[in-house]
Structure formats: C-alpha cells, structure tokens
Amino acid sequence: MGSRLAFDDARRILRGAAAVAAAGAAESVLLRRLLTAPAPVPAAAAELPKRKFTPRERAVPSSSVGRVLGFAQLGGSLLYGTVRESVSRAFGGSKRAADSPYSSLMTEENAERLANALCRMRGAALKLGQMLSIQDENVLPPQFQAALERVRAGADVMPRRQLEAVLVAQLGDDWQTKLAEFDFTPLAAASIGQVHSALLHDGRRAVMKIQYPGVARSIESDVDNLMRLISVANILPKGLYVENAVKVAKRELKLECDYRYELQSQQRFKALISGDPYTAQHFHVPDVIPELSTEQVLTSEWVPGVHIDKVAEMPQAVRDEVGTKLLRLTLKELFNWRYMQTDPNWGNFLYDPATGTINLIDFGAAKDYSPHFVSDYLRMVRACADRDRPEVIERSTSLGFLTGDESAVMLDAHVEAGIMVGLPFGTRGLYDFGSHGGMTRRVSELGAVMLKHRLTPPPDESYSLHRKLSGAFLACIKLKAHVPCRDLFMEAYDVHEALAAAEAAHSAEVLAAQRGAAPPHGEQRLAA
C-alpha cells in the first residue's frame with residue numbers, strides 16, 4: 001500500500017512538471033545562454049560597510065523560456081527523488097516511515113532540491129516560498145516547512161557580468177563615474193534583488209538595491225508555475241484559499257518590483273516618522289538618492305545597526321525598550337497613520353546600540369488602509385482584548401472574516417483564537433512575551449480547526465496586515481520583552497478616535513460651506 005502511494009506521488013509530480021513545460025511551450029522567446037565567469041572582485045574600501053554575506057553565485061534565469069524551463073527542471077528533479085524513494089521503499093532499502101501521504105514526495109532530499117531551485121530562480125517564486133514559510137507547522141508538512149525555512153536565509157547572487165548589465169541598463173554606461181566606490185560583492189541577497197555598498201562623491205556611504213533581471217515581468221508566470229507544482233502535489237489544505245492568496249501576492253509583488261514606488265514610500269514614511277515627536281526621537285528612515293534610483297535600482301543612505309533579532313542577546317532592559325518601541329510603532333502605523341510598512345523581516349529593523357535608535361529600511365511593501373477598514377479592525381481588536389464575543393463576531397462579519405453562516409465549531413474557534421491573540425492588549429501592566437509559547441500552540445490548534453470549517457477567504461487587506469502584526473508579536477517573543485501592550489493599544493485607540501472625530505467635523509464643515517455657497521434649488525429655479 002505504501003509503495004503504491006509513493007508511486008502515486010511520483011505520477012502527480014510528473015503531471016506537474018509536464019504542466020509547467022506545456023505552459024512554457026507557447027512562449028517563443030529565444031533562450032540565450034549567459035556567460036557567467038565572474039570577473040575579479042576588488043577589495044572593499046575601508047569606508048564601506050563590512051560584508052557578512054557569503055553567497056553562492058549563479059546567474060538569474062532572465063528570459064521567460066529560461067524561467068519556465070527552471071520550473072520544469074524542478075518538477076523533474078522532484079520526480080526523480082520521489083521515484084528513487086519509492087523504489088527504495090519497495091525493495092526495503094529505506095527505513096523512513098510511510099505514514100504520511102507526503103512521505104515519498106517531501107523527503108529531506110526533495111526538500112533540499114526545492115530550496116535550491118527557489119534560491120536559483122529567485123523572483124516571485126522565492127518570494128512566494130518565503131511567504132508560505134510563515135505558515136504554522138500544523139498547516140504544512142514538516143519537510144516542506146524545512147525547505148521554505150531554508151529559502152528565507154537568502155538567495156543566490158548574480159555573477160558580475162549580469163550585475164553590470166543591469167547597472168548599465170538602468171544608470172547608463174557611465175554609471176561607475178557617478179560613484180566614488182562600488183563593492184561588487186553583495187551585502188545581502190533577497191528574493192527580488194541584492195544589496196551592494198557604495199561611496200558617494202560627497203563622502204556619504206550608501207547602499208544600492210539592484211533588482212534581478214527578468215523578475216518583474218515574470219511574476220504572473222512564476223507564481224502560476226510554482227502553484228501548479230504545489231497544487232499537483234496536493235500539500236496545501238483547502239481552507240487556505242490559495243487562489244485568493246495568490247491573487248493578492250501577485251498584486252503586492254508587482255508593487256515591490258517597482259523601486260520607484262518604494263522610493264516614494266520611503267520618502268513618505270520618512271516624513272511621517274520625522275513629523276511625530278515620539279517616532280522622530282526613536283526611529284530613523286534613511287534618505288533616498290533619487291539621481292541614482294530607477295525602476296530597478298534604489299540607492300539609499302547607509303545606516304548602522306544590527307538586525308532586531310540580535311537584540312535578544314542584549315540585557316533585559318534593552319529588549320523591553322526595543323519591543324515596546326516596535327509595538328508602539330506598529331500600532332501607530334495602522335490605527336493612526338493608516339499607512340503601514342508590512343514586511344516584518346527582522347533585517348528591516350536595524351537597532352543602533354550607540355544611540356538606541358531603530359533604523360527602518362525596505363518600504364516596497366508599504367500600503368494604505370481605508371478608514372472604514374481600520375475603524376472596524378480597531379474595534380474588533382478592542383473586542384478581542386475585552387473578551388466581548390458578540391462584538392468580535394459582529395466586527396469579524398463586517399470586515400469579511402466571517403459570512404454569518406458559520407457553524408458553531410467555526411465560530412467558537414474564531415472567537416477563542418481572536419481572544420487569545422488579543423490577550424496582550426487585554427493584560428494590564430507589563431505583558432511578558434517570554435511566556436507566550438503556550439498561547440502560540442493553542443492558536444495553532446485553533447487555526448487547524450478554522451482551516452477545516454472556514455467558508456470564505458479572509459479580506460485582501462488582512463494578508464499584509466496580519467503578516468506585519470504577527471511579525472511584531474514574533475519579534476517581541478524572540479526578545480522575551482516585557483511590554484505595556486494594553487497601554488500602547490489604548491493610546492493608539494484614543495488617538496484614532498480623536499482623529500476620526502476631527503476628520504468628521506472637518507467633513508461636516510466642508511459640506512456646510514458647499515451648501516452655503518450654492519443657492520437652494522428653489523431659488524435657482526425662481527431666478528431662472
């Protein structure tokens with residue numbers, strides 16, 4: 001029986017690889033082979049940031065045919081691994097347990113093949129893999145989760161020839177004359193681009209984010225091809241509403257691939273941070289360098305600091321201070337500014353121990369939220385904190401998390417999960433995130449129940465919002481911080497109510513002025 005199940009897995013992967021290959025057959029773009037021999041890399045100048053990243057260098061498949069073939073190769077390699085495992089089990093050569101429908105498909109070897117392929121392909125495929133990696137361990141098979149954790153560590157990097165081609169295309173043949181120095185070895189490599197250090201002619205240190213070639217125009221096909229393989233393998237539960245998540249992911253990825261949008265978002269966020277007395281004192285957003293920025297290159301002022309997870313090694317007082325600052329900023333972004341940087345990657349928050357400042361970077365995922373959504377969501381969170389079941393259900397229905405036709409099992413799980421997540425905001429005094437582990441496990445159990453009984457996908461806004469909120473909570477858990485969560489929430493709540501009242505009063509004044517400026521309808525007719 002186990003052997004037959006294993007061969008069924010192999011057939012599913014074969015169909016997936018065939019589907020990807022067939023999807024690419026219609027594309028008639030010439031596949032050019034890139035010469036990827038790396039050129040000599042100059043030593044970094046003493047003025048530039050020290051490199052801590054030791055990547056693997058592989059060219060990014062930049063043509064549509066090349067990317068389709070990459071996914072077909074991924075499907076084929078998974079097929080090879082699955083068949084090999086199946087044969088090994090059939091002849092008693094493997095001692096792995098066969099108690100899971102994924103056992104022959106998601107072996108450790110196949111998981112490594114998946115991680116390597118995504119790191120080589122980069123772009124939307126890697127980004128989607130990183131987004132899936134934040135799913136709870138109860139949702140995804142453990143081997144699949146392990147593979148996705150691997151891709152979060154970083155992508156492969158472009159060879160120098162490919163890197164220079166992007167810089168020439170974006171900044172011109174004379175791009176090097178616009179800089180005093182440029183380090184060809186990257187500081188970091190992510191899903192959409194890699195980061196290099198540079199020195200400007202005015203003496204300022206800078207970082208340049210350079211997008212991988214071809215990733216922006218391949219978002220649709222990359223996501224579709226990856227989802228073909230995932231859907232054929234049948235490893236995601238129905239309750240995830242993957243189609244809706246993919247639709248939202250495509251929309252968000254298109255924005256993230258436009259560095260002009262990110263430049264504007266960074267400038268807007270800098271204005272918000274500097275315009276608020278609290279955030280101006282504790283946070284900093286680096287300046288952008290518009291003359292060295294394009295749709296695929298973004299240059300910013302370099303800022304010091306360590307990734308926020310490294311603060312976990314610092315004294316408790318520092319951890320408490322940093323956790324409090326992060327959560328206060330998160331609440332202010334959503335409930336007061338209605339504009340949020342929604343990527344919770346710990347590398348986007350750089351703590352400077354010398355000044356106590358948190359430097360904020362990477363604004364490609366910044367987005368607005370409507371006043372109506374924010375108001376309803378605020379009241380739902382308040383209801384969760386106050387353990388008000390009827391209000392939780394009412395606000396959840398208004399927001400679109402519920403339809404009103406859910407079973408009692410679903411409602412109970414939804415309300416209990418909401419109340420548990422809202423516990424920090426319902427706890428007076430300091431909330432100890434170091435004791436949060438048991439709650440996390442219980443919320444995971446309730447999430448598994450909701451996946452089985454959910455009747456509708458969550459609202460589109462919730463994907464990015466919950467990614468950021470969960471990231472803020474996870475950062476506080478990582479730091480084992482003691483945070484006055486309820487005080488912070490009630491502060492944001494009161495500011496929101498005051499702002500909403502002021503906006504309503506202003507709207508009423510404008511409407512009254514418009515009515516007063518125009519004669520009544522009857523007078524207009526009489527004058528005529």
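Helix α12 (residues 371–385) is mostly covered in this predicted model, with 12 of its 15 residues buried; buried means under 20% relative accessible area, exposed over 50%, and partly exposed in between (1.4 Å probe, protein chains only). Helices are DSSP runs of H or I with at least four residues, and strands are runs of E with at least two, numbered from the N terminus. Among the buried residues of α12 are Val374, Tyr377, Leu378, Arg379 and Val381. Just after α12, arginine 387 takes a positive phi of about 55°.

Tyr377 also belongs to the residues with the most contacts inside the largest nonpolar core, which has 57 residues. Such a core is a set of buried Ala, Val, Leu, Ile, Met, Phe, Trp, Tyr and Cys residues joined through side-chain atoms within 4.5 Å. Domain 2 (159–211 + 258–302) and domain 3 (304–511) both contribute residues, so the core lies between them; the bounds come from an automatic or database domain assignment. Phenylalanine 335 touches Val374, Tyr377, Leu378 and Val381, among others, leaving aside residues up to four places away in sequence (contact: heavy atoms within 4.5 Å).

Arginine 379 meets glutamate 497 in a salt bridge (2.9 Å, N to O), defined as a side-chain nitrogen of Lys or Arg within 4 Å of a carboxyl oxygen of Asp or Glu. This pair links α12 to helix α18 (residues 485–517), 118 residues apart. In total, 25 salt bridges are counted by this rule.

Residues are numbered from 1 along each chain as its sequence is written. Local features need pLDDT of at least 70 and side-chain atom pairs pLDDT 80 or more, while totals for chains, interfaces and linings use all residues, and side-chain values use heavy atoms, without hydrogens and water.

Terms used
Expected span 1.5 Å × (residues − 1).
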